[in-house]
Amino acid sequence: MQTVLQTRAEATGYAETSTFADVTSFCDVLAREYPFVKRASLCRSTEGRDVPLLIVSKPGFTSGSQAHASGDHLVVYIQANIHAGEVEGKEAILMLVRDLLKSDPARILDATTLVIAPIYNADGNEKFGDGLVNRPHQDGPARVGERHNGMNLDLNRDCIKAESPEMRGVLREVYGAWDPDVVFDLHTTNGTRHRFDLTYGPATHPDTDPAVLRYQRDVLLPTVRKQLRKTHKWELFDYGNAERRSGELIWATFGYEGRYVTNYAGLRNRIGILSEAVSFLPFRFRVETTYQFVLATLNKLVDDRKDIRKRIVAADAYRAAEAGIAFEMAARGKEKVDLEDVPPGTRIDHTKAPTKWKSVVLPTYDRWAMTAAAKVPSHYAVPKSSTDAIRLLRFHGIELTELRKTPTGFEQFLIKNTKVSQPFQGHPLRTVEGTWEPRVTTTDDYWIVSTNQPLRMLIFHLLDPLTTDGFVTWNVFDREITSSKTYPVLRKL
Ligand SMILES: [Zn+2]
């Protein structure tokens, strides 16, 4: 007789969350039971853990190109536990895969290959401590891991600079090997005390391909919202917080930058889905909402898979002439939001749900708009001596061509001014000001980066000196910028 495979959360009545050993043995059991389930490796973490990547491909695909060659099959990457105090995604995704393997009425496993990192931040997970310290304002479990990874980095700020073994693992084993159409990133928010059961977000970078962005923001997520209202009587809403802006209370989304997991997917023309369970709702309920949210979203993705593949293939072939270098938050309109209603000065138990509410109608800032653009060049030239940049471009999967002399027909960027911020994630974030001029004074050997490739938008945002979340920002070119008046990367329009 088979014993029932349970997560630690289930086995303890939601008093505890899974350890690293629990997750790996759960994955191993599934891989033993089902021939088309593989337990692969995402990376070796800073502290030496073999971070599991679970591959569930019922048709037996072993790569993204194989899956995509078969027609409308989707590859879906699901990442949980990036912030290891936010543990419901880890539990929910193990349960969901187990359940789908047993019974899959919507035939999700026929239509999708699931690539799953159930415990992305394994090192953070194992730093179990008091839940109220490691993740304030959360209603259980009593002990959870820490937000940061083994390098003390926030992995949800690491997508551009890719310093962590975890992000490098994603670039190699997920984007490189599987080219996912959809990327889920599962979190829990402990922000504004609202009445929603779960909040979500699409990729918010405005340089996400427009057809791919419209699908996730205007079709997919609103459908899932309606569906869960109907089936579970839950209210879902866009992830965000109530904030004051010029004196007015607004509902504000998070940053547009590519450093965030879901926005990074957007810059690669893919669907990014942020899930944020609500910290002051009980742990068991947070697992349930996350589970049902992912399931409902998978169902809708399967329904729309032909359309999704069409949009993605078109996005990879599209060559936008311009890209953004400045952005501002924008509202889709005004909508009703229920906020906690307590007199100022009232003592609140932040680990428990509010009991009194007031409805307010708030401008709903769910997106970003471009306020300044620049031309996307046909080529960049990166000096061979800029080895960190070259290495990073390769990590991101960008194609380079070698050139053994100074390229002709290129422009160089003359730096008039440069500034750094207070350190963030160990980096004094840099900005530069200046102008392109049609003259090249350097004599380096170069690698040429054509923007005539699917990752055109990502290339622009990594390499252009004026972008707000690229290699300049994260100090990749600091040595060159502080020793020369010209930016090391050349461009050809
Ligand atoms: Zn988080």
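Is Cys-27 buried or exposed? In this predicted model, Cys-27 is buried, its relative accessible area being 0%. The sulfur of Cys-27 lies 14 Å from the closest cysteine sulfur, that of Cys-43, which is too far for a bond. Cys-43 is likewise in no disulfide, as the nearest cysteine sulfur, in Cys-159, is 13 Å away. Cys-43 is buried, with a relative accessible area of 4%. A search of the whole structure returns zero disulfides.

The largest cavity has a volume of about 50 Å³. Its lining is made up of Tyr-77, Gln-79, Tyr-120, Cys-159, Met-167, Val-170, Tyr-175, Val-183, Val-261 and Tyr-264. At least two lining residues are supplied by each of strand 3 (74-80), helix 8 (165-178) and helix 10 (261-267). Helix 8 gives the largest share, three residues. By class, the lining of the largest cavity comprises nine nonpolar residues, one polar residue and no charged residue.

The second largest cavity holds about 40 Å³ of space. The residues lining the second largest cavity are His-205, Tyr-256, Gly-258, Leu-267, His-461, Thr-468 and Asp-469. In this lining, two residues are nonpolar, four are polar and one is charged. Both domain 1 (8-321) and domain 3 (376-492) give residues to the lining of the second largest cavity, and the cavity therefore lies between these domains.

Several loop positions on either side of helix 8 were also considered. Asp-181 is found in the loop between helix 8 and strand 7 (182-189). This residue counts as buried, at 0% relative accessibility. The side chain of Asp-181 is joined to that of Arg-309 by a polar contact of 2.6 Å.

The loop between strand 6 (143-144) and helix 8 contains Leu-153. Leu-153 has a relative accessible area of 8% and is buried. From C-alpha to C-alpha, Leu-153 and Pro-377 are 33 Å apart in space, and 224 residues separate them in sequence. Ala-162 is also placed in the loop between strand 6 and helix 8. At 0% relative accessibility, Ala-162 counts as buried.

Most residues other than glycine have a negative phi, and most peptide bonds are trans. Phi of Ala-162 is near 45°, a positive value in a residue other than glycine. A positive phi, near 55°, is also found at Arg-107, again a residue other than glycine. Arg-107 lies in the loop between helix 4 (88-102) and helix 5 (108-111). With a relative accessible area of 54%, Arg-107 is exposed, whereas Ala-162 is buried. The peptide bond from Gly-140 to Pro-141 is cis, with omega near -5°. Pro-141 is located in the loop between helix 7 (131-134) and strand 6.

Conventions
Residues are numbered from 1 along each chain as its sequence is written. This is a predicted model: local features need pLDDT of at least 70, side-chain atom pairs count only at pLDDT 80 or more; totals for chains, interfaces and linings use all residues. Side-chain values use heavy atoms; hydrogens and water are left out. A disulfide is a pair of cysteine sulfur atoms within 2.5 Å. Buried means under 20% relative accessible area, exposed over 50%, partly exposed in between (1.4 Å probe, protein chains only). On a 1 Å grid over the protein atoms alone, a cavity is a set of points where a 1.4 Å probe fits but cannot get out, and a pocket is an open set with protein on both sides within 12 Å along at least five of seven lines; lining residues have an atom within 4 Å of a point. Grid points are joined across faces, edges and corners, and a volume is the space filled by probe spheres set on the points. Helices (H or I, at least four residues) and strands (E, at least two) are DSSP runs, numbered from the N terminus. Ala, Val, Leu, Ile, Met, Phe, Trp, Tyr, Cys and Pro count as nonpolar, Asp, Glu, Lys and Arg as charged, and the others, Gly among them, as polar. Domain bounds come from an automatic or database domain assignment. A polar contact is a pair of N or O atoms within 3.5 Å; within protein, one must be able to donate a hydrogen and the other to accept it, and residues adjacent in sequence count only if both atoms are side-chain atoms.
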